[in-house]
Amino acid sequence: MTAFRDRRVVTMLFLGFSAGIPLLLIFSSLSLWLREAGVERNAVTFFSWAALGYSFKFVWAPLVDRLPLPWLTRRFGRRRGWLLLAQLAIVTAILLMASIDPAQGQEALVRMALAAVMLGFSAATQDICIDAFRIESAPPALQGMLSASYIVGYRIGMVTSGAGALFLASAFLSSPEHYSFEAWSLTYSIMAGTMLVGITTTLLVPEPVRSRQVDYPYPAIAYARLVAVFLCAAAAFAGTFFLSGGAFAMLKDAVGGGGFVTLLVEAVRLALAIGVAGLVGWGLVQLGAVDRAMAAETWVAPVLDFFRRYGLATALLLLALVGLYRISDIVLGVIANVFYQDIGFAKPEIARAVNTFGVLVSIVGGFLGGLLATRFGVMRILMLGAILSAATNLAFVGLAYVGHNVPLMYGTVFADNLAAGLASAAFVAFLSSLTNVQFTAVQYAIFSSLMTLLPKTLGGYSGSIVDGIGYPGFFIFTTLIGIPVLILVWLAGRRLAIRDAA
């Protein structure tokens, strides 16, 4: 209890709240707004891709770690300067979303998508900064308290932007029967105002001591060229992905279409865009657009360290586990609120059950997962979490057949969130054990990005999958895709045990 009075612990509570605000404004709250505005279900789930910034944050995490910002770094420090910039960008993105009525047609949807992408990118940058701030603020003995405080704040932020946004939109008289753009616009404007908690905290707290001691060994022009190379690679990714849309649409038509074929074709399209971006970045480095040693220190060294410590085979196995562990609950979570609405639940009912009760249960599950991992070991609870995450999805099958049944809904939400909280606690402990303290911020960004990349990409097609096989079939599908995770956990446990013994 004494530690809770530590200024650094209180700081992480408020920064955690700031980090918890944006996510549900991209996922569940935005999904219900779009549905009320008459947007098709498959288009609604495509908006989950706006949060892919969380999955690609490892690409620019080294820039956040090494790049000084004009005036901001000198005035506020390395971590606080970037953190303030990210928070101001989040406020701007939310206000942009509040100014757009998605019911006005395709052009409005495109603008909404761009604003949502900006929100995802800015929120992911804020996460990078807060993770580094937390690690550098205190010695290892206090890191557990900082993490616990951050999680509590994060969950409160999620309740605010999830349940809070739904209650506000309902109170302002927007409903599926009587859609009101003004209600949702005012709701999102209020959500932008809640970010003042994080901004005020950033302005008041001091820069971590370790961050203040870091020097910038390269001249300003070298950092500018590094940013230019990154922007060129990002432009190559965006250009390849969007310009190839017509060709891949023709390919889907040629092979017959369908949900599974669409998923494979779009996966190839995404891989092509990533490959082109990588080639452009590599080519610019080879041509001397940026100092090679600087580029290697920024992007290559953290990756090489991971493979050198674990070896190629074990490293690939661990990366596969990281990328697939959360696939069952994330894919289901993209469409969960739309499912509840489709079977007759009103926004206040969804808000109370999912965004309030469910979040509180997930906090309990997190504490339970931490206690069990301490008592029985991380890998055992990692396996338990994987089993429960997949198995509890079957509860949604029963709810899909029964329909509007409040007790069954609460039972389903309880099981789903308890399993998710337990699995998440064990998984965070597992990820932390994989990082090297020399590259903590970058390697943790890589792991947390990889954790959501494939699940969120697949989740973008959840609406199309439901249209093809129905809700019961979809929930069974989300259970089945969790089975390979059990095998990966077992293999990883054996490999790590052998490595530790050696």
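Colleague: What is the relative accessible area of Thr-200?

Modeller: Its value is 39%, so Thr-200 counts as partly exposed. Buried means under 20% relative accessible area, exposed means over 50%, and partly exposed is what falls in between, with a 1.4 Å probe and protein chains only. Please note that this is a predicted model, in which local features need pLDDT of at least 70 and side-chain atom pairs count only at pLDDT 80 or more, while totals for chains, interfaces and linings use all residues. Residues are numbered from 1 along each chain as its sequence is written, and side-chain values use heavy atoms, leaving out hydrogens and water.

Colleague: And which helix is Thr-200 found in?

Modeller: Thr-200 belongs to helix α10, residues 196-204. Helices are DSSP runs of H or I with at least four residues, strands are runs of E with at least two, and both are numbered from the N terminus.

Colleague: What does the side chain of Thr-200 reach?

Modeller: It reaches the backbone oxygen of Leu-196, at 2.7 Å.

Colleague: Where does Thr-125 lie, then?

Modeller: Thr-125 is part of helix α7, residues 106-137. With a relative accessible area of 6%, Thr-125 is buried. A polar atom of its side chain is 2.9 Å from the backbone oxygen of Phe-121.

Colleague: Which residues does Thr-125 touch?

Modeller: Leaving aside residues up to four places away in sequence, Thr-125 touches Trp-60, Val-64, Trp-82 and Ala-86. Contact here means heavy atoms within 4.5 Å.

Colleague: What about Ser-424, buried or exposed?

Modeller: Ser-424 is buried, at 16% relative accessibility. It sits in helix α21, residues 406-434, and a polar atom of its side chain lies 2.7 Å from the backbone oxygen of Ala-420. The C-alpha atoms of Ser-424 and Gly-369 are separated by 7.8 Å, although these residues are 55 residues apart along the chain.

Colleague: Let us change topic. At what angle do α6 and α9 pack?

Modeller: Helix α6 (residues 78-98) and helix α9 (residues 181-194) pack at about 170 degrees, with axes 8 Å apart. That makes α6 roughly antiparallel to α9. Axes are lines fitted to C-alpha atoms, for helices over the stretch in contact, and angles run from 0 to 180 degrees between N-to-C directions. Angles under 35 degrees count as roughly parallel, over 145 as roughly antiparallel, 65 to 115 as roughly perpendicular, and the rest as oblique.

Colleague: Which residues of α6 and α9 make the contact?

Modeller: Helix α6 contributes Val-91, Ile-94, Leu-95, Met-97 and Ala-98, and helix α9 contributes Phe-181, Ser-185, Tyr-188, Ser-189, Met-191 and Ala-192.

Colleague: How many disulfides does a search of the whole structure find?

Modeller: The search finds zero disulfides, a disulfide being a pair of cysteine sulfur atoms within 2.5 Å. Cys-129 is buried, at 1% relative accessibility, and Cys-232 is partly exposed, at 37%.

Colleague: Finally, what is phi for Trp-71?

Modeller: It is near 65 degrees, a positive value in a residue other than glycine. Most residues other than glycine have a negative phi. Trp-71 lies in the loop between α4 (57-66) and α5 (72-76) and is partly exposed, with a relative accessible area of 47%.

Colleague: And what is phi for Leu-173?

Modeller: Leu-173 has a positive phi of about 70 degrees, although it is not a glycine. Its place is in the loop between α8 (140-171) and α9, where Leu-173 counts as exposed, at 69% relative accessibility.

How values were computed
A polar contact is a pair of N or O atoms within 3.5 Å; within protein, one must be able to donate a hydrogen and the other to accept it, and residues adjacent in sequence count only if both atoms are side-chain atoms.
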